[in-house]
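Hello,

Here is the structure I promised to pass on.

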Amino acid sequence: MDPDSGSSLSHSQDLPAGRQDQELGKFIIDGTDTLLEPGKPLPDTYGDNCLVIMPRDPLCLFAYWEATADRLDALRDQAGRETWQTGQATLRVYDVTGAGEGLDRASRFFDIAISYDARRWYIHVPEPGRNWVVELGFKFPDGRFLVLLRSNRIALPGGAVSSQTDSRWMIVNMEAWEKMFEVTPHSAGSAEVAKMMAQRWEFLKSVFSGSSSWKKDI
Amino acid sequence: MEKGYLALVLHAHLPFVRHPEYEDFLEEDWFFEAVTETYLPLIDIMTRLVTEKVHFRLTMSLTPPLCAMLSDPLLQSRYRRYLGHLIELSEKEVHRTRNQPAYQDITRMYHQKLTRCRQIYEDWYRGNLLQAFRQLQNQGVLEIVTCAATHGYLPLMIHRQAARAQIRVAADDYQRHFGRRPRGVWLAECAYNPGDDTLLKEAGIRYFFMDAHGLLYGTPRPRYGVYAPAYCPSGVAAFARDMESAHQVWSAEIGYPGDPVYREFYRDVGYDLDYDTIKPYLHSDGVRRNVGLKYHRITGKVPLNAKELYNPAAAREKAAQHAGNFLFNRQKQVEHLYGLLQKKPVVLAMYDAELFGHWWYEGPDFLEFLFRKLHHDQKDIRMVTPSEYLEENPNNQIIQPEMSSWGDKGYHEVWLNGANDWIYRHLHKATELMIDLAEQNPSATGLRERALNQAARELYLAQSSDWAFLMTVGTATSYAQKRTLDHLNRFLALNQQIRQNTIDDLFLSEIERRDTIFPHLDYRVFRMTQQKAVLV
């Protein structure tokens, strides 16, 4: 017996027993790296103009972006070549909670000076439970902000117990629900199943329109 | 009359790992170990309890990738090989330790358990474990729920069609395996984004699970906390995790699995036996690794070489005690809640299935003792499945739950951080391209249809949240990165070939042979139904 062979075991005493580590338990395996060639790299860019934001938690969102040389050139022309040199790449973060599609009614925004070439950024916001849209642009000493890209809109969670305490109730009838999705015989062709599913979906939509008898507030 | 309900929910999932291009592949062991230590013991227990007419209920997610692996002939034959080797090793170990009484109990235990595995796997089900689960479901003791198609992390998908495609394919896959539509779903990592419930409704799914704060922070405030499900405005029910029963099992300080009497996971004969003895049972590279026979107990905070010998009988006794303690705590909890709420609470005890058996070796014993004690020793608590609960209690509060997950810190950071955030721009781009391909090719046939279906498969496989998870926790990181790169590269190659009308049949055939998940997949699932391809 040689109990201490294998250096990969030496850390085991320190492992905490949190849920994540227990989930990790099913993946524990050592020495895999030698077996495989690394994968081929993915494209550096896709030739797109896009700024995407994603939710991380109530107070943080993640942004990534890419822009074409043409789009950057156009913005440079707009700024003027000399002014362009003085521009600071900036993420303008709009709180659009309660606002419509556009940014006009946005109640407020804040700016973050960034490195354009970073191509991704974690944005920390001051308040949970708000909706956000981000613009990536360049800020100039004369106060101008020229927009290169605008993001999608996301909502971050509130992370707290709701102050709203009025409650509504509903009854959902299991049988009615199941009837809509009765087992389709396996012999049916996929086209038939698709058609049937489409019909059921139509039916489902009508049942869920809110006025039907099994759904009621008390 | 009972004062409350207990719904025990186990999430059984592994990413799709299947490498026909290698004779012997390390990460396939994840699956083989889980079959041996978790899935077969659970089938064994449930079957025994049914025979003995012990009333119990269990809810399990069997994710589509896991179903694909359980029903795959290649992995079935490789599992037979794996189990055969392990049984052979256990026989040799019984013989080797014949004059060491302290070891005999242990080596005989392994031999007996492993041969039992072979009996269930081979003699009862001929390698088809989905049949076992399906039978248990048809007997009414087990409720099987589905998951997102490849355990895709829905809140980080920016295309609604991608989330919809994850749910729709999962529900269809479930129907194929289990002969009916799924009633419930375990969203991958319990990650919920407001509005995802409408996608579930489209697929006919009636309920899902979430972490406690997802419901507690919902609007309006939940009248019964996490002890009653709520209907989302769509009518789909959300059940939330009970943290008290979670902590008793998961907690680092008080969790049962850390008891000194239980088996130590990290001390394994793969390292302990002399090299010539163990070599035939290692992978073909001959590197020492865990093989699954472990002879020591946790003992305490001592180094590995100071671990004391495992005592199977003492460990089993401890599992019985822990089951009694768990039940006692649930009774107290239910009694308290019943008084407080003036309503029968439902307690959702939710865990990873592989915790039981693979990580916590005595976990299946614990479950069996718990089921028996619930049946014989008390009347306060009745076990239910979520469907049964909803049938008996169809009137529930309407709440819009909050975005949440059951990951560390409760939101998305485990799957979105500096170690893995690079994957999302590629995943989103591939999704956009896939939606466009489906729109541009509404009625492809022949080679083109095969290429489109395979492109969709590659995207699904790249979307597994497991890769991001492994990058974060730093285990099998290279493998997770490679899988992400490989599936996305295969997708991008097919995308180009389809658009340029230069589909390479050889290339396509090879990746069809490797990435076999969802053989009936129809790429048209990515077509938008009367919607434009816009960001959510």
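Below is what was found, with the cut-offs given along the way.

First, the ground rules: this is a predicted model, in which local features need pLDDT of at least 70 and side-chain atom pairs count only at pLDDT 80 or more, while totals for chains, interfaces and linings use all residues. Residues are numbered from 1 along each chain as its sequence is written, chains are lettered from A and ligands numbered from 1 in the order in which they are written, and side-chain values use heavy atoms, with hydrogens and water left out.

Chain B has 19 helices and 10 strands (DSSP runs numbered from the N terminus: H or I of at least four residues for helices, E of at least two for strands). Of its 536 residues, 68% are buried (under 20% relative accessible area, with a 1.4 Å probe and protein chains only). Taking contacts in chain B between residues at least 6 apart in sequence, 79% join residues at least 24 apart (contact means heavy atoms within 4.5 Å).

Helix 18 of chain B (residues 477-500) has two packing partners to look at. With helix 15 of chain B (residues 422-440), the axes come within 11 Å and cross at roughly 30° (axes are lines fitted to C-alpha atoms over the stretch in contact, and angles run from 0 to 180 degrees between N-to-C directions). Helix 15 and helix 18 of chain B are therefore roughly parallel (under 35 degrees; over 145 is roughly antiparallel). Their contact includes B:W422 and B:L433 from helix 15 and B:L485 and B:F491 from helix 18. Its residues split into 12 nonpolar, 4 polar and 2 charged.

With helix 16 of chain B (residues 446-462), the axes come within 8 Å and cross at roughly 155°, so helix 16 and helix 18 of chain B are roughly antiparallel. Among the contact residues are B:A451 and B:L459 of helix 16, and B:L488 and B:F491 of helix 18. Here the division is 10 nonpolar, 2 polar and 4 charged.

As for cysteines, there are 0 disulfides over all chains (a pair of cysteine sulfur atoms within 2.5 Å). For B:C147, the nearest cysteine sulfur is that of B:C190, 8.8 Å away. B:C147 is buried, at a relative accessible area of 0%, and B:C232 is buried with a value of 0%.

Lastly, in chain A, A:Q78 sits in helix 2 (residues 69-79). A:Q78 and A:L146 lie 68 residues apart in sequence, with 8.4 Å between their C-alpha atoms. Leaving out residues up to four places away in sequence, A:Q78 touches A:R144 and A:L146.

Best wishes

Terms used: Angles under 35 degrees count as roughly parallel, over 145 as roughly antiparallel, 65 to 115 as roughly perpendicular and the rest as oblique. Ala, Val, Leu, Ile, Met, Phe, Trp, Tyr, Cys and Pro count as nonpolar, Asp, Glu, Lys and Arg as charged, and the others, Gly among them, as polar. Buried means under 20% relative accessible area, exposed over 50%, partly exposed in between (1.4 Å probe, protein chains only).
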